[in-house]
4 protein chains.
Amino acid sequence: MTGQQKPAQRYGAGIWHFATYVDRYATDGYGPQRSLLEMIDLAGQVGDLSVVDINYPFPGGGVSFEEVEAALKRNNLSVIGITPEIYTQVFSKGSFTNPDPGVRRLANEMCNEAAKVVRRFGADYVKLWPGQDGWDYPFQVDYHDLWKLSMDGVGELASQNPDLKFVIEYKPREPRNHMSYDSVARTLLGIEKIGLPNIGILLDFGHALYGGESPADSAQLAIDYGRLFGMDVNDNLRGWDDDMIAGSIHPMELMEFFYVLRKNKWKGVWQLDQFPFRDDCVGAAKSAISFLKHIDQALDRLDWDAMKAAQSRQDAVAATNLARAALFNF
Amino acid sequence: MTGQQKPAQRYGAGIWHFATYVDRYATDGYGPQRSLLEMIDLAGQVGDLSVVDINYPFPGGGVSFEEVEAALKRNNLSVIGITPEIYTQVFSKGSFTNPDPGVRRLANEMCNEAAKVVRRFGADYVKLWPGQDGWDYPFQVDYHDLWKLSMDGVGELASQNPDLKFVIEYKPREPRNHMSYDSVARTLLGIEKIGLPNIGILLDFGHALYGGESPADSAQLAIDYGRLFGMDVNDNLRGWDDDMIAGSIHPMELMEFFYVLRKNKWKGVWQLDQFPFRDDCVGAAKSAISFLKHIDQALDRLDWDAMKAAQSRQDAVAATNLARAALFNF
Amino acid sequence: MTGQQKPAQRYGAGIWHFATYVDRYATDGYGPQRSLLEMIDLAGQVGDLSVVDINYPFPGGGVSFEEVEAALKRNNLSVIGITPEIYTQVFSKGSFTNPDPGVRRLANEMCNEAAKVVRRFGADYVKLWPGQDGWDYPFQVDYHDLWKLSMDGVGELASQNPDLKFVIEYKPREPRNHMSYDSVARTLLGIEKIGLPNIGILLDFGHALYGGESPADSAQLAIDYGRLFGMDVNDNLRGWDDDMIAGSIHPMELMEFFYVLRKNKWKGVWQLDQFPFRDDCVGAAKSAISFLKHIDQALDRLDWDAMKAAQSRQDAVAATNLARAALFNF
Amino acid sequence: MTGQQKPAQRYGAGIWHFATYVDRYATDGYGPQRSLLEMIDLAGQVGDLSVVDINYPFPGGGVSFEEVEAALKRNNLSVIGITPEIYTQVFSKGSFTNPDPGVRRLANEMCNEAAKVVRRFGADYVKLWPGQDGWDYPFQVDYHDLWKLSMDGVGELASQNPDLKFVIEYKPREPRNHMSYDSVARTLLGIEKIGLPNIGILLDFGHALYGGESPADSAQLAIDYGRLFGMDVNDNLRGWDDDMIAGSIHPMELMEFFYVLRKNKWKGVWQLDQFPFRDDCVGAAKSAISFLKHIDQALDRLDWDAMKAAQSRQDAVAATNLARAALFNF
């Protein structure tokens with residue numbers, strides 16, 4: 001593992017990393033709104049990014065494909081995925097699971113539009129994050145029906161676009177109190193039931209973490225089902241999707257996550273999904289990527305044989321010491 | 001306790017209960033924006049509300065005092081408190097604890113403006129919710145300095161306006177990852193250190209609950225320090241400030257909260273602080289108030305002597321059975 | 001649903017409900033140890049129990065089958081399941097996933113012994129709760145191997161005993177920091193992969209709740225896969241497996257759980273899995289069962305057509321009001 | 001700060017670090033029971049420990065003071081504190097807050113016995129951890145009375161032994177669902193109310209962390225009140241008192257904790273409070289202490305001036321980068 005020639009690791013980010021945000025209190029935003037073109041130029045300033053994931057419709061509006069392509073080009077960026085915004089006002093009671101069939105149709109149409117954008121950009125996938133699909137209160141929904149709608153909505157898209165990949169980004173909650181695709185296991189259950197080859201998981205490290213999963217275990221499980229189509233990282237305090245700088249709180253679990261990816265020879269982009277509400281977005285991205293590079297080097301330093309031996313004994317002390325030696329350089 | 005003639009319980013709500021909301025995903029809102037006058041008219045439709053707490057500057061803007069007074073009058077509402085919006089863009093890195101002294105000055109000025117509005121409306125208090133005061137990351141702040149700024153900011157206001165009451169609404173987190181006034185005990189510590197008589201606590205049932213407190217215990221503690229100046233209720237899933245319909249999840253703890261208030265002869269308005277993102281706001285308020293009335297009656301039905309005896313034995317089974325008998329009518 | 005003649009609901013309990021407990025602090029126990037026969041006699045005092053789940057080897061030891069049968073008979077109790085104790089000292093580093101193949105063999109043998117006891121008592125199932133199978137630290141285990149061992153261990157037992165049912169009781173954590181069978185979806189994934197008909201889920205309401213699931217949704221999912229073989233109830237504060245009196249904290253979610261069971265015509269025993277550390281165990285069981293009966297009647301009172309209509313609209317306020325009207329009698 | 005000659009940092013541990021444990025499942029323990037003398041010899045094997053905190057009555061029983069002193073001497077250990085076991089069976093419904101005045105008297109007597117042991121060993125303090133004082137259920141206790149008993153119990157001891165220090169180790173919960181001394185702020189409120197100089201806080205890093213506090217902030221607050229009399233460290237997953245190896249999960253927050261201690265020139269022993277249920281106890285202690293030494297060196301490497309400047313700007317990115325550079329050596 002350690003001796004082989006490694007190709008340079010590629011990095012990416014959701015373009016929203018470079019947006020400004022609103023929440024229910026700072027309704028006027030955490031800064032002045034930015035256009036998509038400005039966001040792309042900020043992404044370019046990070047210096048290490050190769051790809052971005054872009055929302056569709058383009059945030060801010062009033063921008064042409066040509067302008068976006070030009071902005072990407074001048075920043076040496078390409079598009080890895082397109083995220084249809086199936087969580088805005090019209091979808092606030094759900095996209096695939098909306099009680100109104102007309103809104104469900106809108107969600108399907110918007111995702112099909114996103115599929116066209118994926119083709120135009122030569123991107124890898126349509127990313128589905130149906131964050132408004134779920135429930136808030138006991139008794140609010142018929143769980144059987146809701147889950148069926150969740151699967152049907154994704155399955156229909158994958159059937160309509162067999163040439164493309166669709167990735168589901170699961171998340172325990174927010175903005176819904178409980179999101180339909182809430183965990184790696186539930187999402188895999190759904191994908192297996194749908195039974196199509198072009199549906200996979202976009203594993204968000206932070207979502208797994210605050211959902212009570214061990215993200216490295218989640219990655220292994222998705223890989224074992226052949227469904228780990230993408231991933232992104234950030235950090236949080238285990239109670240909410242805080243989208244903090246990767247590694248700022250849980251460096252050991254972050255390293256373990258990449259350990260499992262490397263062990264399984266998973267080749268893919270290491271993406272950021274951070275929300276630097278009050279912080280300099282370029283600085284937050286640089287901070288994260290410098291730490292990802294540190295982890296990559298730590299995995300080079302790690303004594304893999306000793307780690308495998310420790311794991312075969314399930315020896316927590318030895319495994320902790322080995323990981324520490326590589327990560328903290330002591 | 002049960003035999004005495006009770007005056008009718010008064011109910012209130014934060015006027016934001018009748019707003020529409022944005023969050024970081026539904027940036028175009030969970031519905032079309034409403035003016036303050038529309039919100040007041042919706043509050044009037046609830047039928048049981050006597051008072052409201054109003055944000056200042058008035059949400060939406062472009063409305064005069066006279067218009068607000070007229071709207072209140074036609075809905076038989078008066079103002080209990082004014083909440084200065086010290087958590088919008090300009091305050092996104094803090095109000096009393098902002099690193100920029102100029103912004104701290106702005107916060108003081110806005111709160112003094114709010115004090116004038118309190119006087120004009122004959123309201124009870126200025127409500128301080130410095131939700132952006134705190135920190136997100138380890139190492140981000142000097143905790144000693146930050147806490148001192150938190151106390152100084154409130155103390156200065158209370159000194160400048162000795163004729164008025166100031167209430168602090170503490171909260172564990174959101175929008176900050178950690179809020180400075182995070183718990184009942186911390187807030188009381190701060191209030192005792194400031195040492196002024198006109199500072200108290202606005203106890204939010206849900207904040208106490210998801211902060212790991214027993215809200216009834218929090219109320220007792222604030223009362224024992226003579227600092228329970230106000231309260232509001234809602235519900236949540238103990239992990240976040242979900243601001244759901246009061247009693248929809250934790251009816252026993254809600255009843256216990258009012259049990260402690262009645263036991264201590266606390267006389268005050270029972271207010272709502274709910275955020276019905278996707279739900280009918282008038283219906284959500286009616287649902288909550290009908291349940292609060294049910295609790296009030298349950299407290300009439302409760303066998304207080306038996307409950308006191310059970311508590312003196314710390315007998316959980318007996319206490320549970322007594323509370324259930326009163327609350328569930330069996 | 002409401003008009004049909006209902007057979008009397010049967011109730012049960014894990015016999016450990018009537019034990020005394022130790023923990024890492026009260027190492028001398030929360031009371032003097034009790035023999036299995038004493039526990040059975042206490043279970044008999046509850047008055048409403050028809051069945052019990054019994055640990056094997058019999059707790060306390062030194063008791064014969066004949067004595068147990070006599071004790072059961074004099075208390076009108078039968079055995080629903082046998083729980084092999086695959087979580088004691090010898091299994092403290094795991095049962096099915098122990099790094100030592102010899103210990104894994106012991107676990108298999110103990111479960112096969114339990115299978116014989118199931119046959120002898122004419123019980124319904126062997127209950128598998130491999131609470132020591134999992135991990136505590138990042139890097140401690142190879143997740144792929146561990147999960148395979150988890151599945152293999154259960155699959156081997158089910159193959160060896162095709163005449164019997166095996167139920168897996170999943171749980172997020174405790175005593176392990178992360179348990180291998182941690183959620184309803186993960187457990188169903190494993191069961192589907194094993195692919196045998198005689199493996200199902202024993203759904204513990206509290207485990208689902210503190211794992212971030214909506215227990216009613218978990219029940220629906222297990223039913224939809226034909227795998228809901230048993231269930232038990234208790235309550236907690238959503239952060240730990242507190243095993244409190246059923247309904248003492250979350251009556252609405254408890255009612256919803258039984259609503260889903262009735263809706264799906266699920267016929268089975270309503271069992272208790274409570275740990276009354278400091279409380280009278282008979283009183284705690286009576287308190288719970290009286291509340292379960294109250295819920296059963298509330299489901300009779302519920303307006304099912306209106307509830308289905310509310311759910312088809314995903315109308316949280318209407319659904320909450322309907323459930324409240326039935327549960328709180330107002 | 002960085003230039004001055006530092007005395008060697010002293011390390012310590014609760015002697016229970018070297019015990020074996022029971023819990024409600026592995027009732028036969030996670031290993032064979034050990035005598036206090038064996039534990040002391042294991043503590044000696046760690047090599048870096050100078051002091052231990054010892055339970056009283058001596059765990060296992062049947063050991064004389066002379067034997068304990070001899071064991072300590074041969075391992076170069078002295079005693080920092082004595083922890084009276086006010087949480088075993090007789091105290092399972094509470095020590096200072098037990099509803100039975102006779103049991104409260106027993107608690108007082110046991111703590112006075114512990115005070116004598118402190119004097120005999122020349123230790124620093126009696127450590128009070130009233131883990132059974134609190135409540136499990138809503139309505140179970142009268143919060144006013146319970147809190148008064150909590151304060152009275154500690155106050156009486158401090159008055160009876162003015163020559164000694166008493167330290168309170170607060171904790172959110174376990175074994176009680178809610179512990180009376182639950183947080184740093186609540187404990188300080190109580191201490192200030194009691195008003196005696198010889199009562200302070202023993203700050204457990206993990207208790208602060210899983211209680212939603214930032215441990216560094218908790219330390220600063222206790223220092224600002226002159227009440228930080230001791231501390232110990234471990235780690236957890238923020239939901240429970242997992243008592244894992246220090247720094248294994250939260251290295252950044254652990255470093256920040258020691259940063260605040262050094263900044264305030266707090267001189268005291270760095271103690272471990274770990275429970276290595278399934279792990280080699282000597283190895284777990286060595287692993288923790290090697291990491292504490294790494295943190296101590298990281299604090300030497302840290303650019304303190306730059307950090308203070310970043311904190312004065314509340315600049316999370318800069319502060320994170322500075323801490324990382326020192327901690328991860330990059």
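**Ground rules.** I'm looking at a predicted model, where local features need pLDDT of at least 70, side-chain atom pairs count only at pLDDT 80 or more, and totals for chains, interfaces and linings use all residues. Residues are numbered from 1 along each chain as its sequence is written, chains are lettered from A and ligands numbered from 1 in the order in which they are written, and side-chain values use heavy atoms, with hydrogens and water left out.

**Entry 1, the barrel in chain B.** I started with the strands (DSSP runs of E, at least two residues; helices are runs of H or I, at least four; both are numbered from the N terminus). In chain B, eight of them close into a barrel with parallel pairing, in the order β1-β2-β3-β4-β6-β8-β9-β10. Pairing here takes at least two DSSP bridges between two strands. Neighbouring strands are turned by 30 degrees against each other on average, direction ignored. For angles, axes are lines fitted to C-alpha atoms, for helices over the stretch in contact, and values run from 0 to 180 degrees between N-to-C directions.

Next I checked what packs on the sheet. Helix α5 (184-194) of chain B touches β6 and β8, and its direction makes about 170 degrees with that of β8(B). Contact means heavy atoms within 4.5 Å. Helix α9 (281-301) of chain B lies across β1, β2, β9 and β10, at about 155 degrees to β10(B).

I also zoomed in on one pair: β3 (78-84) and β4 (125-128) of chain B are parallel over two bridges. Gly81(B) has Tyr125(B) as its bridge partner in β4(B).

**Entry 2, a strand in chain A.** Over in chain A, β2 (49-56) and β3(A) pair in the parallel sense over six bridges. Six of the seven residues of β3 (78-84) of chain A are buried, meaning under 20% relative accessible area with a 1.4 Å probe, protein chains only.

Trp16(D) sits in the loop between β1 and α1 of chain D. Is Trp16(D) buried or exposed? I found it buried, with a relative accessible area of 11%. Beyond four places in sequence, its contacts include Tyr21(D), Asp53(D), Lys127(D) and Phe275(D). Asp273(D) is in contact too, and its side chain makes a polar contact of 2.7 Å with that of Trp16(D). A polar contact is a pair of N or O atoms within 3.5 Å; within protein, one must be able to donate a hydrogen and the other to accept it, and residues adjacent in sequence count only if both atoms are side-chain atoms.

I found 41 residues of chain D in contact with 41 of chain C. About 3,700 Å² is buried between them, with carbon and sulfur atoms giving 52%; buried area is the accessible area (1.4 Å probe) lost on putting two parts together, summed over both. Arg24(D), Tyr25(D) and Arg278(D) supply 25% of what chain D buries here, more than any other three residues.

I counted 10 salt bridges between the two chains, each a Lys or Arg side-chain nitrogen within 4 Å of an Asp or Glu carboxyl oxygen. One of these joins Arg24(D) to Asp243(C) at 2.7 Å, N to O.

Last, Asp217(A), in helix α7 (215-224) of chain A, is buried at 5% relative accessible area. Its side chain makes a polar contact of 3.0 Å with that of Arg186(C). Asp217(A) also has contacts with Trp135(C) and Tyr143(C).

Terms used. Buried means under 20% relative accessible area, exposed over 50%, partly exposed in between (1.4 Å probe, protein chains only).
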